[in-house]
Amino acid sequence: MSIYPSVLRFKRKYPMTLAFRLQKHAAVIDKILDRDEKVLYSFCGQRNDDNRLLFESCVVAITNKRIIVGEKRIFGYLVINVRPELFNDLKIRAGLIFGSIEIDTVKENIYISNLDKKSLDEIETMVHKIISDLKKRLKDENKNSQKD
């Protein structure tokens, strides 16, 4: 099942978000999803930290296993995976019209910009809720495996 409809729903709900070629970016994520992986939330934006750059559209999917950033390029594609145990924090920046988020991980920082300012609360709530649930589940699984 494609994640394109959920990304399109996000884009229609927050029309000021600047993102292009959503179907191509969503197809990248569809291609790398595991069979038992389920997308819980997805959104789109620009994968950079500068609101003036408009040519790095991407789709972000939060699954029951990880955070995936997918970007279709002219030749090939780019995929960034963040496992829950590597996730540190999410920073939100709101401007006059647009906002941006910074996904802080152990290895790197991932910036998603040119988001509709109204979408920031929803993104923050969903990311924190899903990631905290995943971390709790992983912690419980580790405790159970240590008991055996």
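How much accessible surface does the protein have, and what share of it belongs to carbon and sulfur atoms? I read off about 8,800 Å², with 52% belonging to carbon and sulfur atoms. Accessible areas here come from the Shrake-Rupley method with a 1.4 Å probe, and for residues only the protein chains shown count as cover.

**Ground rules.** I am working with a predicted model, where local features need pLDDT of at least 70, side-chain atom pairs count only at pLDDT 80 or more, and totals for chains, interfaces and linings use all residues. Residues are numbered from 1 along each chain as its sequence is written, and side-chain values use heavy atoms, leaving out hydrogens and water.

**Overall build.** I looked up the secondary structure and found three helices and seven strands. Helices (H or I, at least four residues) and strands (E, at least two) are DSSP runs, numbered from the N terminus. In sequence order the pattern is α-α-β-β-β-β-β-β-β-α. The radius of gyration is 15 Å, close to the 15 Å from the globule rule for 148 residues, so the protein is as compact as a globular protein of that length. That radius is taken over C-alpha atoms, and the rule is 2.2 Å times the number of residues to the power 0.38. I also noted the box that the C-alpha atoms fill along the principal axes, roughly 55 × 30 × 25 Å.

Of the 148 residues, 42% count as buried; buried means under 20% relative accessible area, exposed over 50%, and partly exposed in between (1.4 Å probe, protein chains only). Next I checked contacts, meaning heavy atoms within 4.5 Å. Among those between residues at least 6 apart in sequence, 55% join residues at least 24 apart.

**Helix H1.** In H1 (residues 4–13) I find Val 7, Phe 10 and Lys 11 buried. Seen down the axis, the buried residues of H1 fall within an arc of 95°, so they line one face of the helix. The arc is that of the directions from the helix axis to the C-beta atoms. Turned away from that buried side are the exposed Arg 9, Arg 12 and Lys 13.

**Helix H2.** Which residues of H2 are buried? I list Leu 22, His 25, Ala 26, Val 28 and Ile 29. They cover an arc of only 145° around the axis, which puts them on the same side of H2. Gln 23 and Lys 31 are exposed on the other side. The cover over the buried residues of H2 includes H1, strand E1 (39–46), E2, E3 and strand E4 (77–82).

**Two positive phi values.** Most residues other than glycine have a negative phi. I marked Arg 21, with phi near 55°, in the loop between H1 and helix H2 (22–32). Arg 21 is partly exposed, at a relative accessible area of 43%. Asn 114 also has phi near 55°, and I found Asn 114 in strand E7 (residues 109–116). Is Asn 114 buried or exposed? Asn 114 counts as buried, at 0% relative accessibility.

**Asn 64.** My last stop sits in the loop between strand E2 (57–63) and strand E3 (67–72). Beyond the neighbours within four places in sequence, Asn 64 is in contact with Asp 36, Glu 37, Lys 38, Leu 40, Leu 134 and Arg 137. I also took the C-alpha separation of Asn 64 and Tyr 111, 47 residues apart along the chain: 21 Å.
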